Amino acid sequence: MLYIGVDLGTSAVKLLLMDGSGRIHKVVSREYPLYFPHPAWSEQNPEDWFTASMDGMKELTSECDKSQVAGISFGGQMHGLVTLDQADEVIRPAILWNDGRSEKETDYLNQTIGKEKLSAYTANIAFTGFTAPKILWMKRNEPENFARICRIMLPKDYLAYRLSGSFCTDYSDASGMLLLDVAHKCWSEEMMELCGITRKQLPDLYESYEVVGNLKEELAKELGFSQDVKIIAGAGDNAAAAVGTGTVGEGCCNISLGTSGTIFISSESFKVDCNNALHSFDHADGHFHLMGCMLSAASCNKWWMEEILKTKEFSREQEGIVKLGENHVFYLPYLMGERSPHNDPRARACFIGMTMDTSREEMTQAVLEGVVYGLRDSLEVARSLGIRIDRTKICGGGAKSPLWKKMVANIMNVKVDVVENEEGPALGGAILAAVGCKEYPDVKTAADSIVKVTETIEPDGELTEKYEKQYSKFRQMYPALKAVFQNLGEIGRASCR
């Protein structure tokens, strides 16, 4: 049988076709617009997601036996607020994960309600990217729209709703809404009351590998699929990427160098750090995970290359970088503020340490290193909990760079396992579809069978020692500049193309 994984990203949807053995038959993608109507705002039209996904599925399956398509599942951008009215019409453009308008609402939740209460209710504290602050923003600033809300859902769940008619979400994606009691896997009554919403407005909860319904008859006909095609709940993009890299089970780690950057640590038991510097979420395998998320990762390199250097020759720009661990230039990777571990929407990107002899290569190197230093900040929080991480998988667009992978291995002092297929959330979605259709008994069995490691980058002792000294300098910089960031004024416009 054949399984479709849909990776609903920020700038495009990627669709992957996989058979039961894990062989990837085809991958296609479709882009859609991203809108910035005001400073710090980031929005999309949910209809664009659906149109692009349907168009992509037609191309994806144009050369296969469509009768063999058995299931469709998802990995989706997290935290976005999608609202529908009684007639199932989208009330307003979706407010995305990288939208910073809800700073006041986030402060209200963290400071007035209190971080301790939020952590007790949800295992997490408020971040501007999370869904609950967006709901409060809508309640305060668009009361007429707020009053029309019949259904609240996340981006990938809008696709599931359009495809199957099932008003649903999964635990991993719901964990990032600040509405879910993560430890007990149920909606938080306290958070619903705080946000002024009811249980009826929230979707039904499923494990990521559970079937939520069948493909609608009219859509099955349009696509040429069987009406028996199952729609499986899917997962948030990071949990889906973790499945796609085999990061399932106790103490496994995955680093994603995508538009945003994440360090994802899977666990069979619930954990939370006392400062809530890391997100404590449910995992797509039915268990739990800790996650550090930085808002700008590969997008830092994209910005530097395309907007500043005016080039698309990413690999060529890295060719002259040879003095690893010796760079006198540092870069703080906070183009859109920062989430983990600082939770500071006013943090800003900057270069530090430039002199008259600073070269183009050194600044490029600083951008790449700064992203890894930022991810290591979250790794150190996990290590403070007694979690031992000595190796990690890696995925995302940045994982295609041999130099960046070498930096990860040596800045973090871990072995970096490169998997055969770096398709991340799309592959994870397809694996979840296969599990939902009973091709495999559980997610771990499926991931162990399908995901193959093809290369391991080992840290070099001498280089790791050099980077240890460099990292100790880096970690002093944000605290020294925090007050400066707070006084810079209005948050600038987020940019993610």
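Figure 1. Helix α16 spans residues 461–474 and holds both Tyr 471 and Phe 474. The two residues are 3 apart, about one turn of the helix. The model shown here, as in every view, is predicted.

**Figure 2. The Trp 303 and Trp 304 pair.** The structure holds 17 aromatic pairs. One of them joins Trp 303 and Trp 304, with 6.1 Å centre to centre. Trp 303 is partly exposed, at 27% relative accessible area. Trp 304 is buried, with a relative accessibility of 4%.

**Figure 3. The Tyr 471 and Phe 474 rings.** Here the ring centres of Tyr 471 and Phe 474 lie 6.4 Å apart. The planes are at 20°, so this pair is stacked. Planes under 30 degrees apart count as stacked. Tyr 471 is buried, at 1% relative accessibility. Phe 474 is also buried, with a relative accessible area of 2%.

**Figure 4. An aromatic cluster.** Ring pairs link Tyr 471 and Phe 474 with Phe 330, Tyr 373 and Tyr 467. These residues form a cluster.

**Figure 5. Arginine over tryptophan.** Arg 101 places its charged end over the ring of Trp 137. The distance to the ring centre is 4.6 Å.

**Figure 6. Arginine over phenylalanine.** The ring of Phe 127 has the charged end of Arg 339 over it. That charged end sits 6.0 Å from the ring centre.

Definitions and conventions: Residues numbered from 1 in each chain as written. Predicted model: local features only at pLDDT ≥ 70, side-chain atom pairs only at ≥ 80, totals over all residues. Heavy atoms only, no water. Phe/Tyr/Trp six-rings, centres within 6.5 Å; stacked < 30°, edge-to-face > 60°. Buried < 20%, exposed > 50% of the residue type's maximum accessible area, 1.4 Å probe, protein only. Helix = DSSP H or I, 4+ residues; strand = E, 2+ residues; numbered from the N terminus. Lys NZ or Arg CZ within 6 Å of the ring centre and 35° of its normal.
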